[in-house]
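Me: I have a structure open and would like to go through it piece by piece. Can you help me read it?

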Amino acid sequence: MTDTPQVGIIMGSQSDWPTMKEAATLLEELGIPYEKKIVSAHRTPDRLWSYGKEAAGRGLQVIIAGAGGAAHLPGMMASKTRVPVIGVPVQTRALSGVDSLYSIVQMPKGFPVATMAIGAAGAANAGLMAAGILALQDSGLAARLDAWRDALSASIPDEPQDD
Ligand code: RP5
């Protein structure tokens, strides 16, 4: 997207993208400019450091950080910037993402990460959470988010159907 990004979607690996794409899809649907980057706590620590150092100055308002396994990316990013960090635990093969969840959710006092559910639903909700935060200062976005929520509610049938 060409507009200055308001949201940064970062992930530890290319393999996280199918999950994190859910967040990107929501941001696109709601017309929120974002960027997406691979930033690994373990493999590219210098990239993590400079991304965190520059985030606020570049105008990022929310960072969505997804990682799997020993998922230190969201917490390390929260230690480096005051921009709110939403953490997405990516589902893993070995431990089903419980490892990712535990790595992200138990932050020490002082450096919060708003932790979502494991996997695709968590990534989509991260996009919606970012939208809700930005909508506090943007009435146009607030209206689009309200309409999105109303459409979801309207799509739920009253009764279950046979297959
Ligand atoms: C983490 O290790 C990444 O966030 C990813 O979820 C996991 C596995 O990475 P790859 O080995 O697939 O690159 O750092």
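Me: Where is Ser 96 found?
Reply: Ser 96 sits in the loop between S4 and H4. Keep in mind that this is a predicted model.

Me: What is its phi like, and is Ser 96 buried or exposed?
Reply: The phi of Ser 96 is positive, about 60°, although the residue is not a glycine. Ser 96 is exposed, because it has 12 other C-beta atoms within 10 Å, and a residue with 12 or fewer counts as exposed.

Me: And Ser 50, where does that one lie?
Reply: Ser 50 is in helix H2, which covers residues 45-54. It counts as partly exposed because it has 13 C-beta neighbours inside 10 Å.

Me: How far is Ser 50 from Asp 146?
Reply: Ser 50 and Asp 146 are 96 residues apart in sequence. In space the C-alpha to C-alpha distance is 35 Å.

Me: OK, the sheet. What is the strand order?
Reply: The sheet is open and has five strands in the order S2-S1-S3-S4-S5, with parallel pairing. The edge strands are S2 (34-38) and S5 (114-115), each of which pairs on one side only.

Me: What packs on it?
Reply: Helix H1 (residues 17-29) packs on the sheet and touches S1 (7-11), S2, S3 and S4. The direction of H1 makes about 170° with that of S1. Helix H5 (residues 120-135) lies across S1, S3, S4 and S5, and runs at about 170° to S4.

Me: Let's take S1. How many of its residues are buried?
Reply: Five of the five residues of S1 are buried, and the strand is mostly covered. Val 7, Ile 9 and Met 11 point one way from S1, while Gly 8 and Ile 10 point the other way.

Me: How many bridges join S1 to S2?
Reply: Five bridges join S1 to S2, and the two strands run parallel. In S2, Ile 38 is the bridge partner of Met 11. Between these strands the chain crosses from S1 through H1 to S2, and this β-α-β crossover is right-handed.

Me: What about S1 and S3?
Reply: S1 and S3 also pair in the parallel sense, over five bridges. Met 11 has Gly 66 as its bridge partner in S3.

Me: Next strand over. How many bridges are there between S3 and S4?
Reply: Strand S3 (residues 62-68) and strand S4 (residues 85-90) pair over six bridges, in the parallel sense. Two of the partners in S4 are Pro 89, for Ala 67, and Val 90, for Gly 68. S3, helix H3 (residues 73-80) and S4 make a right-handed β-α-β unit.

Me: Why is S4 largely enclosed?
Reply: Six of the six residues of S4 are buried, so the rest of the structure largely encloses it. Val 85, Gly 87 and Pro 89 point one way from S4, and Ile 86, Val 88 and Val 90 the other way.

Me: And on the S5 side?
Reply: S4 and S5 pair over two bridges, in the parallel sense. The bridge partner of Gly 87 in S5 is Thr 115. The chain crosses from S4 through helix H4 (residues 98-105) to S5, and this β-α-β crossover is right-handed.

Me: Back to H3. How many of its residues are buried?
Reply: Six of the eight residues of H3 are buried, and the helix is mostly covered. The buried residues are Leu 73, Pro 74, Gly 75, Met 76, Met 77 and Ala 78. They pack against S1, H2, S3, S4 and H4.

Me: Last topic, the ligand. Which residues are around it?
Reply: The residues around the ligand are Gly 12, Ser 13, Ser 15, Asp 16, Ser 40, Ala 67, Gly 68, Gly 69 and Val 90.

Methods
Residues numbered from 1 in each chain as written. Predicted model: local features only at pLDDT ≥ 70, side-chain atom pairs only at ≥ 80, totals over all residues. Helix = DSSP H or I, 4+ residues; strand = E, 2+ residues; numbered from the N terminus. Buried ≥ 20, exposed ≤ 12 C-beta atoms within 10 Å, placed from the backbone. Pairing = 2+ DSSP bridges. Contact = placed C-beta atoms within 7 Å. Axes fitted to C-alpha atoms, helices over the stretch in contact; angles between N-to-C directions. Near = placed C-beta within 6 Å. Right-handed = clockwise from strand over helix to strand, strands pointing away.
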